[in-house]
Amino acid sequence: MAGFRQRVPARVDIAMVAPPSVTLFVDLSDGDGLVYDAHGRRECGSTVVGLVPGDLRLGSRAAGGIECLQIRLSPVLAVAVFGASTDLSGTVVSLEDVWGRDAGRAEERLRAAASWDERFTIAVDALGRRMSARPSLDPEVAAAWCLMLTSRGRVRVDSLANEVGWSRKRLWSRFRSQIGLTPKHAARLVRFDHAAHLLAAGNAAAQVAAASGYVDQAHLHREVKAFTGVTPTAVAAAPWLAIDDVAWPTSFADLTPSTSPIRQVRRSALRSHERRGIVSQQVPG
């Protein structure tokens with residue numbers, strides 16, 4: 001999780017390159033707050049962004065600072081928090097639609113908190129209470145997801161099925177029903193995320209295509225377009241990716257199937273960073 005505060009009194013309009021996670025934005029702004037556009041649909045305030053939301057923009061409705069808490073949940077953890085995430089894939093919905101009255105209560109507590117440290121504690125508590133009331137996903141599905149991360153998406157479905165001891169058909173069915181994507185689509189998403197960060201680091205598209213396992217640069221271009229609606233050049237310049245190494249210093253690939261959900265949102269040493277007019281504080285994990 002990470003806290004963001006915009007310090008420049010101006011309208012915000014940022015292209016968001018969505019990570020391979022279910023992302024919560026808790027709007028803590030004064031006034032008009034946050035706006036999200038995806039697939040021609042607009043949501044305001046606190047929002048949940050599912051896997052592969054496509055062309056997505058984040059903005060504010062009026063001049064002035066914005067403040068929000070962003071929480072990224074791996075699909076494995078998202079199932080424990082929300083239940084099977086099929087309905088969230090490809091969507092942007094209000095947090096209230098997903099959490100009901102608990103969303104408003106959590107938002108009030110977070111707004112009243114005196115520090116980011118206290119906000120992180122409140123968020124961990126809210127997530128923990130939801131996880132304790134929901135079943136987790138199949139350990140085979142969790143293992144398949146982690147294998148995708150460690151291979152950076154360069155793994156075949158047959159190999160995944162062999163690794164977890166299931167038939168290809170069973171893995172396909174259970175993964176799709178619990179994660180919200182087919183194993184093949186999920187692996188494509190993980191590979192794209194790796195490629196997007198290589199582009200943002202300044203690597204040439206041809207080099208990124210080769211390093212990420214794409215057939216050629218045209219193949220990379222098609223995948224970037226499919227996941228974001230923009231070109232590799234636009235992805236390379238996306239401000240969202242430019243702050244990832246500061247706001248999210250650890251990798252989802254560090255998580256293993258044996259890691260308990262609550263430890264995946266553990267509190268650790270608090271850090272504070274400032275870049276491009278954004279203050280970011282985060283709990284690695």
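Me: How much space lies in the largest cavity?

Reply: Please keep in mind that this is a predicted model. A cavity is a set of points where a 1.4 Å probe fits but cannot get out. Here, the largest cavity holds about 70 Å³ of space, and a search of the whole structure finds 3 cavities of 30 Å³ or more.

Me: Which elements give two or more residues to the lining of the largest cavity?

Reply: They are strand E3 (22-27), helix H2 (95-99), helix H3 (101-112) and helix H4 (116-131), and the largest share, 4 residues, comes from H3. Among the lining residues you can look for Leu24, Val26, Trp99, Ala103, Leu110 and Ile122.

Me: How many residues of that lining are nonpolar, polar or charged?

Reply: The lining of the largest cavity has 11 nonpolar residues, no polar ones and 1 charged; Glu107 is one of the residues that line this cavity, and Glu counts as charged.

Me: Which residues line the second largest cavity?

Reply: This cavity, with about 60 Å³ of space, is lined by residues including Met16, Val17, Pro53, Gly54, Leu189, Phe192, Phe227 and Thr228. Helix H8 (183-200) and helix H10 (217-228) each supply at least two residues of this lining, which divides by class into 9 nonpolar, 2 polar and no charged residues.

Conventions:
Residues numbered from 1 in each chain as written. Predicted model: local features only at pLDDT ≥ 70, side-chain atom pairs only at ≥ 80, totals over all residues. Heavy atoms only, no water. 1 Å grid on protein atoms, 1.4 Å probe; cavity = no way out; pocket = protein on both sides within 12 Å on 5 of 7 lines; lining within 4 Å. Points joined across faces, edges and corners; volume = space filled by probe spheres on them.
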